[in-house]
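Subject: Handover of the two-chain model

Dear colleague,

I am passing this structure on to you, and you will find it directly below.

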Amino acid sequence: MTGSEAAGPLAPFRVLDLTNELGQLAGRMLGDLGAEVIKVEPPGGDQTRFIGPFRGDVVDPEESLHWWTFNTNKLSVTLDLTTAGGQELFGRLLDTADFLLETTPPDAAAAIGLGVESISASHPKLVHTSITPFGRDGPYAHWKATDLVGTAMGGLSSLCGAPGRQPIRPTASQGYAQVSAQAVVGTLIAHYQRTKTGRGQHVDQSMQEAVTFTHDNASPTWDIRGVNNGRPGNGREIGGYKSGQYVYEAADGYVAALSYGGLFGLTARQSIEWLDHHGMARDLTSDEWLAKLDATQGILIPPAGPDADYLNETLVAFCKQFTRAQLVAEAQQIRNGWGIVHTPKDLLENEHLAEREYWQELEHEDGQVTYPGPWAKLSKTPISIRHRAPHVGEHNDYVYGELLGLSGEAITQLENAGTI
Amino acid sequence: MTTELPDRVFEGLRVADFAWVGVGPLVSKYLADHGAEVIRIESSVRPEPLRRAPPFVDDEPGLDNSGYYADFNSSKHCASLNLQHPDGVALAKRIVEHCDIVTESFTPKAMRGWGMTYEDLCEVRPDLIMISMPMYGLTGPWSMWQGYGHVLQAAAGISHLTAYPGEEPIGTGVAYTDFLVPHFAAAALLAALDHRQRTGEGQNIDFGQMEAAIHATETMVLDYTVNGREQIARGAGHEAYHPYNTYQCAPRSGEVGGDDDDRWIAITVTNDAELTALLQVAGHPRWRSLSEDALDAKIAEWTRTQQAEALMQQLQEAGVPAGVVQTPEDLRNDPQLAHRGHFWFLDHPTMGRRAYDGPSFRLSDTPAALTKAAPLLGADNEYVYKDIVGMSEAEYIEHLVSGAFE
C-alpha cells in the first residue's frame, strides 16, 4: 500500500513536531493517520538522531534506526529556536499548523517561544500538546526522567521482575511508548472539540501518569484489599493473589499460557482431557482434583500452595515435550488462549502477519527496508506507512518556499545566518 | 448534588460497547470520561470476565463487587442482554440503531455468528463507526485464536525484551498490552470520528491487537531487518547508558531483611554532567574511574544505606534523572499524581467509595470528568430499552419475562 491510495483520516491537517524520544511516536502516529507532520530540528540535526542502534553500527545522524523507526511519514525542516529570527519563522509555521507537539521542559519553554499562554493567545485554533516527564506543573514538574525513571515512578517496574530480586523494565522503552500513544488520544479528543467550536486548547501529558494506568488491577487491589501486587516473577498477581506460572519452556522456545492458576483456571476439564490425551495428566483426572479445579472456575482466584505447585510441575513436564506451534494450536482448539513468546525473527517469519500483509517495505536511497505496517485497518481512510524518515532539513525548500512563500534567496539568507 | 460540568467533548455521542475485559472497555472509557453516553451491553449468562475477577470488596465474589471491572468502566451505563436468546440479536440491533459507534473485542466468529458484522449493522445505522479489536485481527490464519494481555505481550515481542539478562522471558507482571493497545485503538477510532464529522461517512476498523503492540517495541524490528540482530532483554538496564539501573535502598522502617525491606530507586545517567552530579551526591567523585560493574556495585552499596524518597529528592535537585520504584500504595500517596488529580473517588451502590484512574492528560478547556462509578449489571435497562430504544412498558415486561435481558 502506498500514499497513492485513499488518504488517511487526518489528511487535511498539519502537525509541527518538536519532540524528543519522549514524544516521537506521537507525531509518527498522527502521520500514520495521514496528517502532514513536519519535524522541526535544530540546524545540524535533532539529538535523537544520535540514539542507537545504527545501521551497521556506524554512528551517523542519518543511520540511526531509532530515528528511522520514529520518523517515518514525517518531513524535516531545520530551525534554530534559540534565535529571534528562528522564533519569528516558527510563528509563521504555526500559522499554517493545526497541531503542535513538543517535549520542552516546562521551565525552558517560554524562552524559546513555546509558552503555553503566549501560543494560545497568538494561535487560539491550535491544539498544543506538551509531553513532559511529570506534567507541566506540580511538585515534580521540573524533574527529569528517562524511560526507567518513568516506569519506576509510574509503578510499572514495581510489577516487573521476581520477588527478592531487583525490579526491571521492558528493554524497549514503554514509558516513552505509553506517553506518546496516550498523548495522541488526548490530542485527538481536543481536536474533536475543535471541530465543534473552532477553538483549540492545551493538552498537558505526563509520562509518569501515562505509566500509572499500566498497573492492571493493582490500584483497586490496594484500594479495596490494602495489598500491594508485587513482582510476580514468571506469573502475575491478580487482586493480590499470585497466579500460576505463565511462561513455559517448550521444545523449541517458550509459550505463554493462561495465568489464572496456570492452565487450569478457566477451562480446567478440557485442559485435563488434553493432557490425558497425551498420557500426561498424572492423577488430575481423579474426582478429587476435578472437584478442586471446578471450585476455582466461578471466580477467577487461582489455586495456591502445594496444589498450585503440583499443577505447575505437571505443566512444566508436559510443555517440554512439544513444539511451541503444536502446544498453542492444540490449546486454542480447546479455547485456551495460549500464545507463542515471539523473538524478533519469529515475528518477521510469522505466517499470520504475512497473510495480513503487515510488513511494509519502504524505499531508501540504497534499497528497501522492512518496517512494521499499519497498526489498524480503517476501511475508508487507511492508515499508511508511506515513506522513510527524512534527512536533516530535507524539506526546507518545500516548507519555507511553498508553504511560507519565501524566495530561494530568502531561504539562502536564513541558511547563511544559521537560522535554518 | 451534581456540580456544573465543563463543556463535554463527546456530548451527544452514543456508543454501544460489546467489548470485554481490558482493551475494549479502556477504549470506551476515554469516550465516557469525556462525555459520551457509553452503553455497556453485558449478560449474566456469560458474564464479562472481569466482573468475576478480584479484588472484591470484603473478599466477597460477586458480579457487582469487582474493583478490577469497576476501574475500567467509570462514567458508563450498562444494559443487560443475552445475545444467545432468540430475541437477543434483534434487540442489540435496535440499540445500535441509536448509536454512533460500536466497539467489540470478541474473536471474529462471535459477531459473524450473530449476524452483527459491520456490514450487518450498517443496515440499521448507515453512518456507523465500528471497531473490532480481536487479538490477531479479523482475518488471517490466527484470527480465531483467543488470548489475554499477558499472552499478547509475549506474542508481540515485548516479553522477549522483558527479562533478567540471559534468563527466561517472563514479561511484565501485568496483562501489559491491555494497557497499551487501547491507546492505539482509541486514536484510530477518534480519527475515524473526525472523518465522519467532516464527511458524514462512517467506517469499519479492523484492529489486530498484536499489530499495534509491535509498534511499542522501539527499534526491535529494524535492528533485525536492517542489522540482522535479535535484541535482547537487559533487566533494568539500557544498551547505551550507564549507570542505568534499579538499586535497593534502606528499609523504610524496621531492619534489613524485615517486612519493609523492599525499597528501590531507579538511577539513570545519560551524559557526563549527570554522572558528575551523581558522584557528587554520593560524595565519591573518584568512582568515575571504576569499571561499569564496579561502579554499579559501589552505587548499590551506597543506596542501601539511603532512604529512597530522600535520595530521589537529592538526586533530582542535583539534575540526575532518578525516581523511586513506586508501589501501588506509593502511587496513591504520590504528590505529583495528587496535584494532577489522577485518582477519582466515586460512590458505587454496592462497593462504596472507591478510587478510579482518570486519563493521563489534562485538556485545558474540556478536561475529563468521571461522572459516575461503574454500572451494576443491567442498571440502565429501563433507560436504554424504554427511553432510547422506545419500548412500551408492555414490551419491556415481555422481554424481561422471556429472559432476553439475562
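**Two loop residues with positive phi**

Asp59(B) lies in the loop between strand 2 and helix 2 of chain B, where helices (H or I, at least four residues) and strands (E, at least two) are DSSP runs numbered from the N terminus. Asp59(B) has a positive phi of about 55° although it is not a glycine, and it counts as partly exposed because it has 13 C-beta neighbours inside 10 Å. The terms are these: a residue is buried if 20 or more other C-beta atoms, placed from the backbone, lie within 10 Å of its own, exposed if 12 or fewer do, and partly exposed in between.

Please keep in mind that this is a predicted model, in which local features need pLDDT of at least 70 and side-chain atom pairs count only at pLDDT 80 or more, while totals for chains, interfaces and linings use all residues. Residues are numbered from 1 along each chain as its sequence is written, and chains are lettered from A and ligands numbered from 1 in the order in which they are written.

In chain A, Arg335(A) also has a positive phi, of about 60°, without being a glycine, and it is found in the loop between helix 13 and strand 11. Arg335(A) is partly exposed, with 13 other C-beta atoms within 10 Å. As background, most residues other than glycine have a negative phi, and most peptide bonds are trans.

**Cis peptide bonds in chain B**

A cis peptide bond joins Pro54(B) and Pro55(B), with omega about 10°, and Pro55(B) has its place in the loop between strand 2 (37–42) and helix 2 (67–72) of chain B. The bond from His242(B) to Pro243(B) is cis as well, with omega near -10°, and Pro243(B) lies in the loop between helix 9 (220–227) and strand 7 (244–248) of chain B.

**Chains and domains**

Chain B contains 16 helices and 12 strands, and its C-alpha trace spans about 85 × 55 × 40 Å along its principal axes. Of the 406 residues in chain B, 56% are buried. For chain B the domain assignment, which is an automatic or database one, gives domain 1 (14–216 + 337–402) and domain 2 (244–326), and the centres of these two domains, taken over C-alpha atoms, are separated by 42 Å. For chain A the assignment gives domain 1 (14–213 + 355–416) and domain 2 (234–341), with 43 Å between their centres, again over C-alpha atoms.

**Where the chains meet**

Two residues are in contact if their C-beta atoms, placed from the backbone, lie within 7 Å, and on that basis 127 residues of chain B are in contact with 129 residues of chain A. Helix 7 (residues 181–199) of chain B supplies the largest share of the side of chain B that touches chain A, namely 13 residues. The residues on that side divide into 66 nonpolar, 42 polar and 19 charged, where Ala, Val, Leu, Ile, Met, Phe, Trp, Tyr, Cys and Pro count as nonpolar, Asp, Glu, Lys and Arg as charged, and the others, Gly among them, as polar.

Leu378(A) stands opposite Ile205(B) in strand 6 of chain B.

Cys160(A), in the loop between helix 6 (147–153) and helix 7 (174–197) of chain A, counts as buried with 30 C-beta neighbours inside 10 Å. Leaving out residues up to four places away in sequence, Cys160(A) touches residues of both chains, including Arg231(A), Thr162(B) and Gly173(B).

**Helix 12 of chain A**

In helix 12 of chain A, Leu311(A), Asn312(A), Thr314(A), Leu315(A) and Cys319(A) are buried. They cover an arc of only 160° around the axis (the arc of the directions from the helix axis to the C-beta atoms), which puts them on the same side of helix 12 of chain A. On the other side of this helix, Pro306(A) and Glu313(A) are exposed. Among the elements that cover the buried residues of helix 12 of chain A are strand 9 (247–250) and helix 10 (268–277) of chain A.

With best wishes

Note on methods:
Pairing = 2+ DSSP bridges.
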